[in-house]
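Biologist: Hi, could you walk me through this one? I'd like to start with the surface.

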Amino acid sequence: MSENHNEVEQVQEENRLIAERRAKLSAIREKRNAFPNHFRREDYAQRLQDELGAKDKEELEALGRQASIAGRIMAKRGPFMVLQDMTGRIQVYVDKKQFPQELADEIKTWDIGDIISATGPVHKSGKGDLYVNMTETSLLTKSLRPLPDKFHGLTDQEIRYRQRYVDLIMNESSRRTFAIRSKMISSIRNFLQQKDFVEVETPMMQVIPGGASARPFVTHHNALSMDMYLRIAPELYLKRLVVGGIERVFEINRNFRNEGLSTRHNPEFTMIEFYQAYADYKDMMDLTEAMLRNTAQEVLGTTVINYQGSEYDFGKPFTRLSVFDSVLQYNPEITAEQLSDMAQATAIAVKLGVKVKDTWGLGKIQIEIFEETVEHKLDQPTFITEYPTEVSPLARRSDGNPFVTDRFEFFVGGRELANGFSELNDPEDQAERFMAQVAEKDGGDDEAMHYDADYIAALEYGLPPTAGEGIGIDRLVMLFTDSPSIRDVLLFPHMRPE
RNA sequence: GGGCCGUUAGCUCAGUGGUAGAGCAGUUGGCUUUUAACCAAUUGGUCGAUGGUUCGAAUCCAUCACGGCCCA
């Protein structure tokens, strides 16, 4: 197997520091099982700090609170060692006189990074820090690789991403980011479940990749002898479920798009998509506003979000503005008449440097002008509405103006965070839109959509009037954790092999 | 894909053409209620890779790899 061959060739680097620790491990192996798994802790570092941190030295001695903890040695200072567990840090005190000679000698060989147990009463030092005065201790796991500098930590971005386990050991801010990520997803999930939304899982491997305009990854099914695609969106499956009667449905999971990497793009990323029958895009905007406000309050304890030096207030009502009006507002020199005229709008787009194609209609031209001149300026939370039908192949046409759809995108800090619309539930209109997409695909646009006959069949059974939305979870987490790069909010971001 | 910047000890970083350095970590010894613990001694380097210029290259030049930032 070629894969195995490669694995064998990936020899980890060794150095003298590791050799010294291997020697210590060998010495332990000669005495006992070097990787015991019998110790059970009863306490956690931060909970002890919370429970006992406010008590003074004398109170603690009188209390005689016994604690039993486990964790990684993060620092050694004099007779103290700092242990870190999943909740935080606490010191332990090593009084060698309390231990048999053999154990006292072994403790001297313990290194920063080793994982130990510690049991004993909790006391407080003269400087006011809690410590566990160890009466029993044992090495649970020997660490063979030295940790980064205890003071500077690990700052090398590349190693932080490639060896996230080291980053998590060393960087409290990184642990915090992923804790917030987890809480945000829980909060969003709870919010929707309380509103009777049902969580589902739909296929990641699809025969016809649909629901978005993007290039898919291709994989191969051996038994069926056919190519399949990693999904670019779950949308068409979720709407099939609404046809089936799951009138409020959502999925939080990965999408895959075969695109470049940037501080805002990873080939696999997490989206939440939700669909609600008997609702329209305005209901979705209301829901989004309530949900994000709730999530900010629950997770961060405030609705004011600080991101890269800017402040975004999720407590105030979000601005709502149409694509058309936003272009006029941000470009005082452009008139409504020009923007409505194919020739004049095209001239504006060309002047902006857009490489206009013959196949484009006015809607596509308007969106290009919007993206060039408005998008990045949408700083405070803003819904942009009424996207042209031409660029919205799955969205319902507006009743008053079939040139545009009942659709919105949501922007914060100049970045798109969400996309939602009243769903196109007219099967004949949808079939025509698919045909238009296929024509564009034939014309060379490899991001255009496929014709999905089964999806049309589902619509022909009847999709109730429905609205739906997708929110990019990673970008939302970036915002909530003040992270400049999407890689900071992905535990294992995509990296080129070394 | 383009531009700029980076890659030196396990980690964080100095080092602009003339014997590769510091702090932390490690090792040995001391001290033992410390807070980046402290004191003394000490080990540790294909300077990202390849090629070139030069008497001499971590340093100058070229190409490549990986990463960061900005742009597409």
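**Surface charge and RNA contacts**

Modeller: Asp 56, Glu 58, Glu 59 and Glu 61 form a negatively charged surface patch (residues with over 30% relative accessible area and no salt bridge, like charges joined within 9 Å). This is a predicted model, where local features need pLDDT of at least 70, side-chain atom pairs count only at pLDDT 80 or more, and totals for chains, interfaces and linings use all residues. Residues are numbered from 1 along each chain as its sequence is written, chains are lettered from A and ligands numbered from 1 in the order written, and side-chain values use heavy atoms, without hydrogens and water.

Biologist: Which helix does Glu 61 lie in?

Modeller: Helix H4, residues 57-63 (helices are DSSP runs of H or I with at least four residues, strands are E runs of at least two).

Biologist: What does a base nitrogen of RNA strand B contact?

Modeller: The side chain of Tyr 131, with an N or O atom 2.9 Å away; polar contacts are N or O pairs within 3.5 Å.

Biologist: And which element gives the largest share of the surface near RNA strand B?

Modeller: H2, with four residues.

Biologist: What does Lys 24 pair with in a salt bridge?

Modeller: Asp 111, at 2.8 Å, N to O (the rule is a Lys or Arg side-chain nitrogen within 4 Å of an Asp or Glu carboxyl oxygen). Lys 24 is in helix H2 and Asp 111 in the loop between helix H5 (101-109) and strand S4 (115-124), so the pair ties together parts 87 residues apart in sequence.

Conventions:
Patches are made of residues with over 30% relative accessible area and no salt bridge: like charges are joined within 9 Å, nonpolar side chains (Val, Leu, Ile, Met, Phe, Trp, Tyr) within 5 Å. Accessible areas come from the Shrake-Rupley method with a 1.4 Å probe; for residues, only the protein chains shown count as cover. Lys and Arg count as positive and Asp and Glu as negative; His and the chain ends are not counted. The place of a charge is taken as NZ of Lys, CZ of Arg, CG of Asp or CD of Glu. A polar contact is a pair of N or O atoms within 3.5 Å; within protein, one must be able to donate a hydrogen and the other to accept it, and residues adjacent in sequence count only if both atoms are side-chain atoms.
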